[in-house]
Structure formats: C-alpha cells, structure tokens
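Reader: Please walk me through the labels used for this structure. I want the cut-off behind each one.
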Amino acid sequence: MRIPCPYCGSRDVSEFSYLGDAAPQRPDPSGDASSVEAAFFDYVYLRDNPAGPHRGLWYHGAGCRSWLVVRRNPSTHEILDVALAAKEPVA
C-alpha cells in the first residue's frame with residue numbers, strides 16, 4: 001500500500017506508523033467523577049470496526065515527520081483522501 005504524503009508524494013506504507021482511529025474526541029475531565037471515568041474508558045478502550053471508509057491517524061516517521069489523517073477503505077486498502085492532521089478537524 002502507498003500513501004500520498006502532502007509533502008513527500010506517494011510513499012510506501014512502511015515509512016508510516018498507524019496511531020488509530022481519528023474519530024474519538026478526548027472527553028472533558030470536568031463533571032461528575034463516575035460519568036467522566038466512563039467517558040475516559042470509552043475514549044481509551046472502545047473503538048468501532050467499520051467495514052467501509054475509515055479515518056485514521058498516521059505518522060510519517062521515515063519522511064517529513066508529519067501527522068496525517070488518512071481516509072481509506074480497510075477492505076480494499078484504497079486511499080480516498082489524505083490531509084495534514086493539524087489542518088483537519090478530528091471528529
């Protein structure tokens with residue numbers, strides 16, 4: 001699989017590290033302790049496993065060292081879109 005890095009062009013996936021799903025939002029730590037604890041448990045441990053297009057965070061460690069949001073179809077490995085994580089709203 002090749003990922004089109006915005007700075008380096010099309011590069012082999014071995015140059016990248018996958019962090020995980022780009023959708024989870026860090027919960028607000030203020031509020032009721034039991035609900036905050038449950039929200040952080042969901043944030044850290046629970047993930048969806050979609051069969052279709054998915055947004056993930058990737059780090060280009062062997063290249064420009066940028067964080068990217070890659071939208072791809074895990075069933076076909078088709079890359080649908082790549083954007084810099086700093087410019088992409090995560091959610």
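Author: Start with F41: at 45% relative accessibility, F41 counts as partly exposed. Buried means under 20% relative accessible area, exposed over 50%, and partly exposed in between, with a 1.4 Å probe and protein chains only. This is a predicted model: local features need pLDDT of at least 70, side-chain atom pairs count only at pLDDT 80 or more, and totals for chains, interfaces and linings use all residues. Residues are numbered from 1 along each chain as its sequence is written, and side-chain values use heavy atoms, without hydrogens and water.

Reader: What makes F41 and Y45 a pair, and why is the pair called tilted?
Author: Rings of Phe, Tyr and Trp (its six-membered ring) pair if their centres lie within 6.5 Å; planes under 30 degrees apart are stacked, over 60 edge-to-face, the rest tilted. The centres of F41 and Y45 are 5.1 Å apart and the planes stand at 45°, so the pair is tilted. Both residues lie in helix 1 (residues 33-45), four residues apart, about one turn of the helix. Helices (H or I, at least four residues) and strands (E, at least two) are DSSP runs, numbered from the N terminus.

Reader: How do you know whether H54 is buried or exposed?
Author: H54 has a relative accessible area of 13%, so H54 is buried. H54 lies in strand 4 (residues 54-59).

Reader: What does H54 touch?
Author: Contact means heavy atoms within 4.5 Å. Not counting residues up to four places away in sequence, H54 touches Y18, D21, V70, R71, R72 and P74.
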